[in-house]
Amino acid sequence: MTAEVIDCLVNVDFGDRAQPDWMVRVKEDYFKAGDEMLASTPLDALLAEMDAGGVTRAILLTGLAEPSRRALSYVEARPDRFALGIGRLDLLRPIPTLRALDAFRRSHPVAYAQVGPAFWGDGQYPPSDAVYYPLYTKCCEWDLPLCLATGLPGPPIGGEAQHPMHLDRVCQRFPELKLCMHHGADPWWDVAIRLMLKYRNLRLMTSAWAPRRLPAELLRFMRGRGRDQVIFASDSPVLSITRCVGEARALDLPADVLDAFLHGNAAEFFGLAPA
């Protein structure tokens, strides 16, 4: 068994807030999941599942305008086990948003900022749009990694804004930006891989993708030039930590590549000290 796993995207508060209709639709129509997919996760249950799978650290997703009390309390209770990913950023009001983000990151253990281009602004703002540039500039200044969702989203919403090709110009103009594609890149895996070959500051996180369903071309990339560019995550409870860790350990990958995927790449890219 690999000594350590870092799960880079975990949700703990779905049941604490009303979910939009598209989230209910993706639960029922896409994942064919039960109510547990949109439930909140108690701290003791989360730690027990992490311990059973060898997960020593997890990054809990929260929002900026209304931070999750549950996520913040988990980080406060176990700072050795948890850090935060901060999302739901209002990029149409960049100055107050970035001031709030700066204040939040200074007072909390923030591993990354996060934006889902298809999930705000009616999906009309791809990452190449200048509306993102203040965020990119500040993330470079702060050395704060940024995760941008790529791939066609599961919910019935427009997804063109999440085509990885939009990141080509971003990586060219912001080579200092630590940028990670999250939620895979389906059906554009080949474009995402080509971009990672082209730009060394670009990574891909497998959140919301069952490891056994990862495409062969991505596994080939991981065995070769991309061994340090692909990062494990579950997106629990959308997919359980237990399932994702078990399927990841069963992948046909050399031991050093598997260790990099499950732990080393996240520790280096997100600056996570050992638990």
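1. In this predicted model, E247 is worth a look, because its relative accessible area of 15% falls under the 20% cut-off and E247 therefore counts as buried. E247 belongs to helix α9, which spans residues 241–249. Leaving aside residues up to four places away in sequence, E247 makes contact with A210, P211 and R212.

2. Next, the sheet. Eight strands make up an open sheet with parallel pairing, ordered β1-β2-β3-β4-β5-β6-β7-β8. The edge positions go to β1 (5–10) and β8 (230–231); each has a single partner strand, so one side of each is left without a neighbour in the sheet.

3. Which residues of helix α3 are buried? In this helix, residues 69–77, they are A71, Y74 and V75. They sit on the same side of α3 because the arc they cover around the axis is only 95 degrees. Their cover includes α2 (43–53), β2 (55–63) and β3 (82–87). On the face of α3 turned away from this buried side you will find the exposed residues R69 and E76.

4. Finally, please look at helix α4 (residues 94–107), which lies across β2, β3 and β4 (110–115). Relative to β3, α4 runs at about 180 degrees.

Definitions and conventions:
Residues are numbered from 1 along each chain as its sequence is written. This is a predicted model: local features need pLDDT of at least 70, side-chain atom pairs count only at pLDDT 80 or more; totals for chains, interfaces and linings use all residues. Side-chain values use heavy atoms; hydrogens and water are left out. Buried means under 20% relative accessible area, exposed over 50%, partly exposed in between (1.4 Å probe, protein chains only). Helices (H or I, at least four residues) and strands (E, at least two) are DSSP runs, numbered from the N terminus. The arc is that of the directions from the helix axis to the C-beta atoms. Contact means heavy atoms within 4.5 Å. Two strands pair if DSSP finds at least two bridges between them. Axes are lines fitted to C-alpha atoms, for helices over the stretch in contact, and angles run from 0 to 180 degrees between N-to-C directions.
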